[in-house]
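Reader: I have a structure to look at. Can you take me through it briefly?

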Amino acid sequence: MDLFQKCQTVLENNRRGNFTIPSPFLYPFQWNWDSGLIAIGLLHFEPENALVELETLFSGQWENGFLPHIIFHNAEKYTTYFPSADYWHSNVSDFAPKRLKTSGITQPAVHGFVLEYILEHDFGKERIARLYDQIVHYHQYLYEYRQHKNTGLVAIWHNWESGMDNSPWWDRALKSISPDLLTDINLRRKDVHEVDDSAHTRPTDDDYKRYIYLVNQLRACNYERVPADFPFQILDPVFNAILVQSNKSLCRIGEKIGKDTSQIESWIKRATDHFSEIHWDENDALFYPYDILENRQIKIHCAGSYIPIFAEIPDNAQMEKLLSHLHSFEDLHLVPSCLPGEAGFEPKNYWRGPIWVHMNWMIWNGLLKYEQYDLAEEIRLGTISLVEQFGSREYFEPFKNTTTTTGYGGKSFSWSSALVIDMLQRNSSAK
Ligand code: 9WN
């Protein structure tokens with residue numbers, strides 16, 4: 001079986017009717033940004049299911065436009081995930097769907113740019129237009145509830161909303177929460193039983209206590225608005241760059257299907273006008289998150305520092321500096337979720353060092369837009385080779401030339417498979 005077929009088999013096995021789970025046992029429901037990115041892989045062998053994947057995800061959209069990070073289809077049947085549907089208790093909000101259980105936080109807004117890929121295939125205008133409206137409604141929610149001071153940049157209220165759960169970027173904000181608030185976390189956690197060597201590859205119990213504390217606080221606000229002193233309010237350059245990129249796609253789609261795109265254009269303008277002022281640090285020549293409560297940037301060098309390339313946000317001078325960083329990592333597979341030497345770096349631990357396929361996929365695509373074909377190709381081939389050697393794992397150790405380098409976390413992972421399929425089908429010059 002070649003790599004394409006192996007990855008296709010992973011996706012087929014992870015299919016649960018009209019959606020795809022990220023990985024068996026560890027993540028047995030539908031995840032938000034996973035599904036968007038999985039659709040990109042599905043387009044290469046069963047395009048109809050790519051559209052169905054997004055349609056099913058949006059069946060969990062709330063009436064106020066909010067799009068949850070987990071849709072708990074068949075919640076009763078699968079008990080291998082904590083926090084469960086009942087823990088989230090989404091019906092504390094009147095906006096939540098009555099028939100489906102969901103979480104009460106969101107994830108990066110990949111759906112707009114995914115829909116542009118879907119549009120390359122010949123689906124009826126009606127289905128595309130319906131999804132388009134749903135995506136715009138989700139973005140309206142983000143600007144209405146999450147926008148920071150009319151900057152066009154939106155805040156996340158939980159580290160899980162970034163999708164980069166235990167990134168050192170969130171350490172300082174999370175440290176402000178005492179872990180003593182929940183004592184029985186080790187009895188409740190399921191993830192640690194689903195992966196090997198969880199002590200070194202998954203967040204700690206103290207981390208989890210803080211994650212759950214934030215869930216409890218958000219649930220107490222009915223998952224609507226947070227008080228001014230809410231401990232986690234961060235502008236994430238990854239979340240915001242992805243939103244800009246999706247808005248750019250929505251404008252192009254809107255023109256094709258006859259929609260008024262003026263509101264979307266104004267979102268893009270506002271965000272691009274303020275992006276560098278909030279997220280760029282000229283000294284370090286990197287994009288960083290911004291902690292609203294502390295009124296300052298979080299200066300840790302992570303893969304996320306490069307995701308604005310995907311939305312064509314850096315100007316030429318910024319891009320040159322970003323490229324000189326990317327060219328300097330000799331002993332590393334590109335691009336580690338956190339760079340060695342940074343506070344909080346751990347080579348095997350989840351978002352604290354390992355390589356993630358979907359982050360590389362976004363950086364690869366961004367480099368192509370800036371015509372950086374050689375570096376793009378290095379990232380494409382390097383990513384494919386990690387999956388070829390170690391399988392469709394959730395994440396991979398970043399050091400080259402060690403005998404211990406391998407993959408970690410979930411096995412038979414959907415988005416790793418889907419995006420490797422996309423990388424196999426396109427080289428780095430033909431865009
Ligand atoms: C919480 C499903 C998800 C990804 C995230 C990744 C991980 C969940 C968890 O798995 O997060 O959402 O329980 O650890 O960090 O990016 O969407 O693959």
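This is a predicted model: local features need pLDDT of at least 70, side-chain atom pairs count only at pLDDT 80 or more; totals for chains, interfaces and linings use all residues.

Reader: What radius of gyration does the protein chain have?

Author: The globule rule is 2.2 Å times the number of residues to the power 0.38, with the radius taken over C-alpha atoms. For 431 residues, a compact globule would come near 22 Å. The protein chain agrees with that, at 20 Å.

Reader: Which residues surround the ligand, and how many are charged?

Author: A residue counts as near if its C-beta atom, placed from the backbone, lies within 6 Å. The shell is Pro 22, Tyr 27, Trp 31, Trp 33, Asp 34, His 69, Trp 160, Gly 163, Asp 165 and Asp 191. Asp, Glu, Lys and Arg count as charged; Ala, Val, Leu, Ile, Met, Phe, Trp, Tyr, Cys and Pro as nonpolar; the others, Gly among them, as polar. The shell divides into five nonpolar, two polar and, as charged, three.

Reader: Is H16 roughly parallel or antiparallel to H17?

Author: Angles run from 0 to 180 degrees between N-to-C directions of axes fitted to C-alpha atoms over the stretch in contact. The axes of H16 (residues 357–369) and H17 (residues 373–390) come within 8 Å and cross at roughly 160°. Angles over 145 degrees count as roughly antiparallel, under 35 as roughly parallel. So H16 is, relative to H17, roughly antiparallel.

Notes:
Residues are numbered from 1 along each chain as its sequence is written. Helices (H or I, at least four residues) and strands (E, at least two) are DSSP runs, numbered from the N terminus. Angles under 35 degrees count as roughly parallel, over 145 as roughly antiparallel, 65 to 115 as roughly perpendicular and the rest as oblique.
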